[in-house]
Amino acid sequence: MNNIVSTEWYKELIEETKAIIVESIFNARDTVIRGKWAIGQRITQEKDNFEKAGITGGAIITTVGKSLGASVSELYSCVKFYEKFPDLEKFLGKQNKNLSWHKVVHELLPEHTETKKREEQLCPKCGQKIGKGNPAYQD
C-alpha cells in the first residue's frame, strides 16, 4: 500500500476526489440557501391574498407552516432572509464558499442575532441580567 500512495496517479486521484467533495458540499449548501430564499419570496408574494382572507402578521407563517407541516421559525427565517436580501445573486456574490443556511440564520439575520444577545445577557433561572450583582453569577 505504501508504494501506491507515492505514485503520481494516486496523488491526482486524492486531489481530484477532495475537489469533488468540496464542490459537492458547496453545491448542496447553495441549493438549500436558494430554496430557503425562494420559500421566503413565495410567501411574501402572497401577502395581499392573505390580507384579503383576514390573515395578517405572524398568522401568515403559522397558517403556511401548519399546511406544510413545517417549522414556523424556519419559515419565519425564510421570509426574513428574502426581505433582508431581496437580490439573491447580489447577496451570494458577496459571500464565500463556506456560507450555509445555519450561518445565514444565526449570523446574518438581525432578529436572531438580537434575540441571542438578549438571551446571553439574562439569567435563565431568574431572568435578571447576568453580572456580579446577580446571585446566579459565578466566577
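Leaving aside its neighbours within four places in sequence, valine 104 is in contact with Ile33, Phe81, Phe91, Leu99 and Leu109 in this predicted model. Valine 104 also belongs to the largest nonpolar core, a set of 14 residues in which Phe81, Phe91 and Val104 are those with the most contacts inside the core. At least two residues of this core come from each of the helices α2 (8-45), α5 (72-84), α6 (88-93) and α7 (101-108). Apart from this core lies another one, made of seven residues, among them Ile43, Phe50, Ile61 and Val79.

**The fold as a whole**

Of the 139 residues in the protein, 21% are buried. When contacts between residues at least 6 apart in sequence are considered, 49% of them join residues at least 24 apart.

**How the helices pack**

Two packed helices are described by the angle between their axes and the distance between the axes.

| Helix pair | Axis distance | Angle |
|---|---|---|
| α2 and α5 | within 7 Å | roughly 85° |
| α4 and α5 | within 9 Å | roughly 125° |
| α5 and α7 | 11 Å | about 75° |

The axes of α2 and α5 cross at roughly 85°, and the two helices are therefore roughly perpendicular to each other. On the side of α2 the contact is made by Ile33, Lys36, Trp37, Ile39, Gly40, Gln41, Ile43 and Thr44, while α5 contributes Glu74, Leu75, Cys78, Val79, Phe81, Tyr82 and Glu83. Sorted by class, the residues of the contact of α2 with α5 divide into nine nonpolar, three polar and three charged.

For α5 and α7, the packing angle is about 75° and the axes are 11 Å apart, which makes α5 roughly perpendicular to α7. Here Glu74, Ser77, Cys78, Phe81 and Lys84 of α5 are in contact with the α7 residues Trp101, Val104, Val105 and Leu108. The contact of α5 with α7 has six nonpolar, one polar and two charged residues.

Helix α4, which spans residues 58-68, has an axis that crosses the axis of α5 at roughly 125°, and α4 and α5 are therefore oblique to each other. The crossing of α4 and α5 is right-handed. The residues that make this contact are Ile61, Thr62, Val64, Gly65 and Leu68 of α4, together with Val72, Leu75, Tyr76 and Val79 of α5. By class, the contact of α4 with α5 has seven nonpolar and two polar residues, and no charged residues.

**Individual residues**

Some single positions can now be placed within this arrangement. Leucine 88 has its place in helix α6 and is buried, with a relative accessible area of 7%. Not counting residues up to four places away in sequence, leucine 88 touches Arg34, Trp37 and Phe81. Leucine 88 and alanine 38 are 50 residues apart along the chain, and their C-alpha atoms are separated by 9.3 Å.

Serine 100 lies in the loop between α6 and α7. With a relative accessible area of 16%, serine 100 is buried, because buried means under 20% relative accessible area. Residues up to four places away in sequence being left out, serine 100 touches Arg29 and Ile33, and Ile33 is also one of the contacts of valine 104.

Glycine 58 is found in helix α4 and, at 52% relative accessibility, counts as exposed. Between glycine 58 and valine 72, which are 14 residues apart in sequence, the distance from C-alpha to C-alpha is 9.1 Å; valine 72 is also one of the α5 residues in the contact with α4.

At 31% relative accessibility, isoleucine 4 counts as partly exposed. When residues up to four places away in sequence are not counted, isoleucine 4 touches Trp9 and Tyr10.

Methods:
Residues numbered from 1 in each chain as written. Predicted model: local features only at pLDDT ≥ 70, side-chain atom pairs only at ≥ 80, totals over all residues. Heavy atoms only, no water. Core = buried A, V, L, I, M, F, W, Y, C linked by side-chain atoms within 4.5 Å. Buried < 20%, exposed > 50% of the residue type's maximum accessible area, 1.4 Å probe, protein only. Helix = DSSP H or I, 4+ residues; strand = E, 2+ residues; numbered from the N terminus. Contact = heavy atoms within 4.5 Å. Axes fitted to C-alpha atoms, helices over the stretch in contact; angles between N-to-C directions. Parallel < 35°, antiparallel > 145°, perpendicular 65-115°, else oblique. Left-handed = near helix turned anticlockwise from the far one by under 90°. Nonpolar A, V, L, I, M, F, W, Y, C, P; charged D, E, K, R; others polar.
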